[in-house]
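Please look at the sequence and the structure together, and follow the chain as the paragraphs below lead through it.

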Amino acid sequence: MAKSKLRQSDWNYEQTVDRIEAIIDRVESGELPLEEVFEQFAVAVECLQECEGFLARGKDAMELAIGLLGAEPGF
């Protein structure tokens with residue numbers, strides 16, 4: 001599991017989505033042994049959680065910025 005984690009500064013949303021899509025393609029191909037399907041599924045879930053966290057943080061930042069703009073006089 002540690003191998004799949006990148007340093008926070010190296011993390012990239014689009015690359016993570018690409019990785020998830022590649023995992024889905026491999027799993028759907030039916031060429032993986034069942035044990036590896038489970039391992040890849042766990043990696044995909046971890047990647048999805050990273051993406052979900054990234055999007056939640058972005059949403060919070062946008063809501064904060066919109067709130068600050070709304071608090072500006074004349075806006």
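Lys59 forms a salt bridge with Glu63, and the closest N and O atoms of this pair are 3.9 Å apart; a salt bridge here is a side-chain nitrogen of Lys or Arg within 4 Å of a carboxyl oxygen of Asp or Glu. Both Lys59 and Glu63 lie in helix 2, 4 residues apart, which is about one turn of the helix. Lys59 counts as exposed because its relative accessibility is 52%, and Glu63 counts as partly exposed because its relative accessibility is 47%, where buried means under 20% relative accessible area, exposed means over 50%, and partly exposed is in between (1.4 Å probe, protein chains only).

The model is a predicted one, in which local features need pLDDT of at least 70 and side-chain atom pairs count only at pLDDT 80 or more, while totals for chains, interfaces and linings use all residues. Residues are numbered from 1 along each chain as its sequence is written, and side-chain values use heavy atoms, with hydrogens and water left out.

The protein has 2 helices and 0 strands; helices (H or I, at least four residues) and strands (E, at least two) are DSSP runs, numbered from the N terminus. Helix 1 covers residues 13-29, and helix 2 covers residues 34-71.

How many salt bridges does the structure hold? There are 2 salt bridges in the structure, and one of them joins Arg26 to Glu36, with the closest N and O atoms 3.1 Å apart. This pair links distant parts of the chain, since Arg26 is in helix 1 and Glu36 is in helix 2, 10 residues apart. Arg26 is partly exposed because its relative accessible area is 34%, and Glu36 counts as partly exposed because its relative accessibility is 27%.

When its neighbours within four places in sequence are left aside, Gln40 is in contact with Ile23, Arg26, Val27 and Leu32.

Val45 is partly exposed because its relative accessible area is 30%, whereas Glu46 counts as buried because its relative accessibility is 9%. Val45 and Ile20 are 25 residues apart along the chain, and their C-alpha atoms are separated by 8.5 Å; Glu46 and Ile20 are 26 residues apart in sequence and 9.6 Å apart in space, C-alpha to C-alpha.

On the surface, Glu14, Asp18, Glu21, Asp25 and Glu28 gather in a patch of negative charge. Such patches are made of residues with over 30% relative accessible area and no salt bridge, with like charges joined within 9 Å and nonpolar side chains (Val, Leu, Ile, Met, Phe, Trp, Tyr) joined within 5 Å. Lys and Arg count as positive and Asp and Glu as negative, while His and the chain ends are not counted, and the place of a charge is taken as NZ of Lys, CZ of Arg, CG of Asp or CD of Glu. Asp18, one of the residues in this patch, is found in helix 1 and counts as partly exposed because its relative accessibility is 48%.

For the protein as a whole, buried residues make up 17% of the 75 residues. The accessible surface comes to about 6,100 Å², of which 60% belongs to carbon and sulfur atoms; accessible areas come from the Shrake-Rupley method with a 1.4 Å probe, and for residues only the protein chains shown count as cover. Among contacts between residues at least 6 apart in sequence, 67% join residues at least 24 apart.

Technical notes:
Contact = heavy atoms within 4.5 Å.
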